[in-house]
Amino acid sequence: MAPYAVDLLDGKPYAAAVWARGVIRADWWRRSTDGDVERKPFDTVTVLGDNIKVLNAPDTTDTRFARQTLLLGHRAQAALAALRVAIVGAGGTGSHVALGLAYLGFRNVIVLDDDLVETTNLNRLVTADHADIGSPKTIVTSRRMRSIDPMIEVQVFPGLTPAGEHPELHDVDLLISCVDHDGPRHRLNQIAIDTRTPLLDIATGVDDHLQPVALGGRVFLMLPGAACLTCLNELDSAEISRWAKPDHQQAVDRLHGYGTGVANPSVIYLNGLTVHAALAELCAWISGAREPARWLDIDLLGAVKSPGTQVGPRRIPGRVPGCIDCGYDK
Ligand SMILES: [Zn+2]
């Protein structure tokens, strides 16, 4: 059966699986360069749905997680170690995500960023200190994650580009968006749709034109086949088109007052609060303890009658028919 199926698939591998009671046996076949059909097993199989399950993930016996396993359970702790996760953006929010993943027990992580550490980052970049000024953010991030967990595997890559295919993102189980611009956020939205990969988008914003200053965050867990960020109307199309332009055209835009290039206000507690709200939902999704909130708003201003931080789930709308990004995805 397998050689027949391999020959029908024109070079693509053929896979088959049998599962029962949370255990799975899955193999794949393909024709090797010398013409033989080779057969290999899958180590783990990831199942996506209301929760994410990793079948056949080896148990984690590390006593570092003894107190956490009481909360999440052994199966979820094993899943954390087996999932391959991409952190896109290693700045203010990405640095909190990186530390959170290393402390939680994720052990297969890739980090993408182009930036070097600057003095003005040191009010919030929790992966870096003064000695790191001028070093790539990806390098300081991976070093800090390894200091927390010597068992962790961290690979680093340059940041997103407008037309980049980014094959390094095609074999991950989860994309975490920690970018500070809707251009790369939109590119990640497209990559998540094309590769049918879940996307956890983490965004923060400060509006210092208001008094008192408005601070807030948004967490969005996008699952394959569900509404995307464009369906939600949460992306700034002018910002996206500016990001896609060459540098000299972006400079002309700034001369005419579009995309000012002025650094936005940033503060550590807004990043930390938003990221850890996201990680709480991620762990609910992985452990199956409860249904995760797929869209959270974090508002540090609060209402006139009840000032103070408010974290509230929002209802996810259905997919928009004809959405330019996910409309062709069946
Ligand atoms: Zn859409």
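**Rings, zinc and backbone: reasons behind the terms**

Author: In this predicted model, tyrosine 14 and tryptophan 29 are both buried. A search of the whole structure finds 2 aromatic pairs.

Reader: Why is the pair of tyrosine 14 and tryptophan 29 called tilted?

Author: The ring centres of tyrosine 14 and tryptophan 29 lie 5.4 Å apart and the planes meet at 40 degrees, so the pair is tilted. Rings pair if their centres lie within 6.5 Å, and planes count as stacked under 30 degrees and as edge-to-face over 60, with the rest tilted.

Reader: What makes this a link between distant parts of the chain?

Author: Tyrosine 14 belongs to strand β1 (residues 14-20) and tryptophan 29 to strand β2 (residues 23-31), and the two are 15 residues apart.

Reader: Why is the pair of phenylalanine 220 and tryptophan 295 called edge-to-face?

Author: The planes of phenylalanine 220 and tryptophan 295 stand at 70 degrees, with the ring centres 6.4 Å apart, so the pair is edge-to-face. The cut-off for that name is over 60 degrees. This pair also joins distant parts of the chain: phenylalanine 220 is in strand β11 (residues 214-222) and tryptophan 295 in strand β12 (residues 295-299), 75 residues apart. Both phenylalanine 220 and tryptophan 295 are buried.

Reader: Which residues coordinate the zinc ion?

Author: The donors are the SG atoms of Cys228, Cys231, Cys323 and Cys326, at 2.3 Å from the zinc ion. Donor atoms are to lie within 2.8 Å of the metal. Along the sequence, the donor residues follow the spacing C-x2-C-x91-C-x2-C.

Reader: What makes the arrangement around the zinc ion tetrahedral?

Author: The 4 donor atoms subtend angles of 94 to 120 degrees, which makes the arrangement tetrahedral. The term requires all angles to lie between 85 and 135 degrees. For four tetrahedral donors, the ideal angle is 109.5 degrees.

Reader: How do you know whether cysteine 323 is buried or exposed?

Author: The relative accessibility of cysteine 323 is 8%, so this residue counts as buried. Cysteine 326, at 2%, therefore also counts as buried. The limit for buried is under 20% relative accessible area.

Reader: Why does tyrosine 4 count as exposed?

Author: Tyrosine 4 has 56% relative accessibility and therefore counts as exposed, since the term applies over 50%. Tyrosine 4 sits in helix α1 (residues 2-8). Together with Leu8 and Leu9, Tyr4 makes a nonpolar surface patch of about 330 Å².

Reader: What is the phi of asparagine 56, which is not a glycine?

Author: Asparagine 56 has a positive phi of about 70 degrees. Most residues other than glycine have a negative phi. Asparagine 56 lies in the loop between β5 (52-55) and α2 (66-72). With a relative accessible area of 32%, asparagine 56 is partly exposed.

Reader: How do you know whether histidine 166 is buried or exposed?

Author: The relative accessible area of histidine 166 is 8%, so histidine 166 is buried. Its place is the loop between β8 (153-157) and β9 (174-177). Histidine 166 is not a glycine, yet has a positive phi of about 50 degrees.

Reader: Why does aspartate 115 count as partly exposed?

Author: At 41% relative accessibility, aspartate 115 counts as partly exposed, because the value falls between the limits of 20% and 50%. Aspartate 115 is in the loop between β7 (108-112) and α5 (137-148). The C-alpha atoms of aspartate 115 and leucine 48 are separated by 33 Å, and these residues are 67 residues apart along the chain.

Terms used:
Residues numbered from 1 in each chain as written. Predicted model: local features only at pLDDT ≥ 70, side-chain atom pairs only at ≥ 80, totals over all residues. Heavy atoms only, no water. Phe/Tyr/Trp six-rings, centres within 6.5 Å; stacked < 30°, edge-to-face > 60°. Helix = DSSP H or I, 4+ residues; strand = E, 2+ residues; numbered from the N terminus. Buried < 20%, exposed > 50% of the residue type's maximum accessible area, 1.4 Å probe, protein only. Donors = N, O, S within 2.8 Å, 3.2 Å for Na, K, Ca; no water. Tetrahedral: all angles 85-135°; square planar, octahedral: opposite > 155°, others 65-115°. Patch = residues over 30% accessible without salt bridge, like charges linked within 9 Å, V, L, I, M, F, W, Y side chains within 5 Å. Areas by Shrake-Rupley, 256 points an atom, 1.4 Å probe, with all protein chains shown as cover. Salt bridge = Lys/Arg side-chain N within 4 Å of Asp/Glu carboxyl O.
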